[in-house]
Amino acid sequence: MKRLSFVFAALSLSTAAFAGTADDVVVHEPYVRLAPPNAQATGAFMVLKNTGSKDAKLVKADNPASRLTELHTHINDKGVMRMRQVPAIDLPAKGEAVLQPGGLHVMLIDMKAPLSEGQVVPITLTFDDGSSKQVDVKVQKMVPAGMQMRHGQH
């Protein structure tokens, strides 16, 4: 009986290890940009809202559609916009991180097959406390700037 209690206690601890930042982060408006059929990379964009009382960081993303997934940003390098990998994306307590074209984003690199509009790509987000969350993200055509409708605009 003691052995059984020990097993249940160990299972409880392992489940608790996965709770954390992932439970506090709410994902809004996620999408993967539809890329041309021969493109080897595309981006995923979303708003990450940290409802928790502690600052956090997104430190990793993964997905089954590409061989490599990285966290990226754009920088202005002497007048030329360039993408650069970043080690983490900050999620301030009670704040948000906006992942959008021209800024922070999740980069899907070395695509295994072309994506199609409406396809769902599961993306696993991992945070600095080791917790993770899977988000099912639809592939969408790129909408020209200024033409995007936000919630509440009809």
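**Salt bridges, strands and a core**

Me: In this predicted model, how far apart are the closest N and O atoms of the salt bridge between Lys57 and Asp90?
Reply: Lys57 and Asp90 form a salt bridge. A salt bridge needs a Lys or Arg side-chain nitrogen within 4 Å of a carboxyl oxygen of Asp or Glu. The closest N and O atoms of this pair are apart by 2.7 Å.

Me: How many residues apart in sequence are the parts that Lys57 and Asp90 tie together?
Reply: Lys57 sits in strand β3, and Asp90 sits in strand β6. The pair therefore ties together parts whose separation in sequence is 33 residues.

Me: Are Lys57 and Asp90 buried, partly exposed or exposed?
Reply: Buried means under 20% relative accessible area, and exposed means over 50%. Lys57 has 34%. Asp90 has 49%. Lys57 therefore counts as partly exposed, and Asp90 also counts as partly exposed.

Me: How many salt bridges does a search of the whole structure find?
Reply: Side chains of opposite charge can pair when their charged atoms come close. Asp77 with Arg82 is another, at 2.9 Å from N to O. The search of the whole structure finds five.

Me: Which residue forms a salt bridge with Lys141?
Reply: Lys141 lies in the segment after β10, and its partner lies in the loop between β8 and β9. The pair therefore ties together parts 24 residues apart in sequence. The closest N and O atoms are 4.0 Å apart. The partner is Glu117.

Me: Is Lys141 buried or exposed?
Reply: The cut-off for exposed is over 50% relative accessible area. Lys141 has 51% relative accessibility. Lys141 therefore counts as exposed.

Me: In which sense do β4 and β5 pair?
Reply: Strand β4 covers residues 66–77, and strand β5 covers residues 80–85. Thr73 stands opposite Arg84 in β5. Over six bridges, the sense of the pairing is antiparallel.

Me: Which residue takes a positive phi in the hairpin of β4 and β5?
Reply: This hairpin has two residues between its strands.

Me: Which residues is Gln85 in contact with, leaving aside its neighbours within four places in sequence?
Reply: Gln85 lies in strand β5. At 51% relative accessibility, Gln85 counts as exposed. Contact means heavy atoms within 4.5 Å. With those neighbours left aside, the contacts of Gln85 are Glu70, Leu71 and His72.

Me: Which element gives the most to the largest nonpolar core?
Reply: The largest nonpolar core has 28 residues. Val32, Leu48, Val121, Ile123 and Leu125 touch the most other members. Elements that give two or more residues include β1, β2, β3 and β10. With four residues, the element that gives the most is β9.

Me: What share of the protein's 154 residues is buried?
Reply: In soluble globular proteins, nonpolar side chains tend to be buried together. A residue counts as buried under 20% relative accessible area. Among the 154 residues of the protein, the buried share is 30%.

Me: How many strands does the protein have?
Reply: Read along the sequence, the pattern is α-α-β-β-β-β-β-β-β-β-β-β. The protein has two helices. Its strands number 10.

Technical notes
Residues are numbered from 1 along each chain as its sequence is written. This is a predicted model: local features need pLDDT of at least 70, side-chain atom pairs count only at pLDDT 80 or more; totals for chains, interfaces and linings use all residues. Side-chain values use heavy atoms; hydrogens and water are left out. Buried means under 20% relative accessible area, exposed over 50%, partly exposed in between (1.4 Å probe, protein chains only). A nonpolar core is a set of buried Ala, Val, Leu, Ile, Met, Phe, Trp, Tyr and Cys residues joined through side-chain atoms within 4.5 Å. Two strands pair if DSSP finds at least two bridges between them.
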